[in-house]
Amino acid sequence: MDAAVIVPAYNEAESLARCLAPFESQPVELVVVVGGDDGTERVARDTPFVDTVVRCDEGGAGTARNRGAAAATAPVLLFTDADTVVPEDWVRLHLRHYTDDAVVGVGGPARPLEDSRKHRVLFKLLSDYWYRVSWPLGFVQQPGFNCSFRADAFEAAGGFDEDIPFMEDTELSLRMKDYGRIVYDADSCVATSARREADEGYLSLFAKYVRGYANHYILRREFDADYF
């Protein structure tokens, strides 16, 4: 089964080559959505196994992912981030679930690229265990750096909401439940940078997510565009 991998990359010249390297040996349609002015576009265009480079300087990650999805032609869309490194069999691990026609999405876990005890412990709690615990309860969350969707269902759902400033991956995951089954694949673990957690602080980031979950999913308030 054919698959497209979409990588949004805004000012990621230093990390993009490392992100793209595993796809040289994986048969995929590779789409990189570039933005910024640090040479990210040059890195993408100089990578011979990148099929399509899309320029996108407006909006956030959700916008970039939608632009990449629009440029792709494959029946399954996989998404990861430019500061993430996937395993050599990542595409295969996702695709094996789509032999079931009822499956419209797949998500998986992550570990931090930065090798420190602090990140290993706190990242595990905030960005791994939380997903594993919430998934069986019906609160499905496919992280943007490790998720995939059947392309026709993704299009029918309208893709990522470009108007919300964060948690756009969770918001889409919950909408996609209306179109079929979402699978959690514990084997498809990726390594992603914990720089956001380091810059923001784990406690502060956790508090913002709790507030976001409570406001939008419990109290049903709209996201504040200036909030995050």
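I count two strands as paired if DSSP finds at least two bridges between them. The model I am looking at is predicted.

**Entry 1**

I began with S5 and S10. Strand S5 is joined to strand S10 (residues 190-192) by 2 bridges, and the two run antiparallel. I looked up a residue pair there: Val85 has Ala191 as its bridge partner in S10. Next I traced the whole sheet. It is open, has 3 strands in the order S5-S10-S7, and its pairing is mixed. Which strands stand at the edges? They are S5 (84-85) and S7 (110-112). Each has a single partner strand, so one side of each is left without a neighbour in the sheet.

**Entry 1: strand S1 and its partners**

I turned to S1, residues 4-10. Of its 7 residues, 6 are buried, so the rest of the structure largely encloses this strand. I then looked up its pairings. With strand S2 (residues 29-35), S1 pairs in the parallel sense over 7 bridges. Ala9 has Val34 of S2 opposite. With strand S4 (residues 76-79), S1 again pairs in the parallel sense, over 3 bridges. There, Val5 has Leu78 of S4 as its bridge partner.

Helix H1 (residues 13-20) belongs to it: S1, H1 and S2 make a β-α-β unit. Its hand is right-handed.

**Entry 2: helix H7 and Ser173**

I asked how many residues of helix H7 (residues 168-176) are buried. The count is 7 of 9, and the helix is mostly covered. The buried residues are Glu168, Asp169, Thr170, Glu171, Leu172, Ser173 and Met176.

I picked Ser173 from this helix. Its relative accessibility is 0%, so Ser173 counts as buried, the cut-off being under 20%. Leaving out residues up to four places away in sequence, Ser173 touches Val140, Gln141, Gln142 and Ile182. With Gln142 I found a polar contact: the Ser173 side chain reaches the backbone nitrogen of Gln142 at 2.9 Å. I also took the C-alpha distance from Ser173 to Phe160. It is 9.2 Å, for two residues 13 apart in sequence.

Met167 sits in the loop between helix H6 (151-157) and H7. Is Met167 buried or exposed? Met167 counts as buried, because its relative accessibility is 3%. I then looked up Gly144, which is 23 residues from Met167 along the chain. Their C-alpha atoms are separated by 9.0 Å.

**Entry 3: Thr47**

I moved to another loop. Thr47 lies between helix H2 (40-45) and strand S3 (52-55). At a relative accessible area of 12%, Thr47 is buried. What does the side chain of Thr47 reach? It reaches the backbone oxygen of Val43, at 2.8 Å.

**Entry 4: cysteines**

I searched for disulfides. A disulfide is a covalent bond between the sulfur atoms of two cysteines. With the cut-off of 2.5 Å between cysteine sulfur atoms, the count comes to 0. Cys56 counts as buried at 6% relative accessibility. Cys147 counts as buried at 0%.

Definitions and conventions. Residues are numbered from 1 along each chain as its sequence is written. This is a predicted model: local features need pLDDT of at least 70, side-chain atom pairs count only at pLDDT 80 or more; totals for chains, interfaces and linings use all residues. Side-chain values use heavy atoms; hydrogens and water are left out. Buried means under 20% relative accessible area, exposed over 50%, partly exposed in between (1.4 Å probe, protein chains only). Helices (H or I, at least four residues) and strands (E, at least two) are DSSP runs, numbered from the N terminus. A crossover is right-handed if, with the strands pointing away from the viewer, the path from the first strand over the helix to the second runs clockwise. A polar contact is a pair of N or O atoms within 3.5 Å; within protein, one must be able to donate a hydrogen and the other to accept it, and residues adjacent in sequence count only if both atoms are side-chain atoms. Contact means heavy atoms within 4.5 Å.
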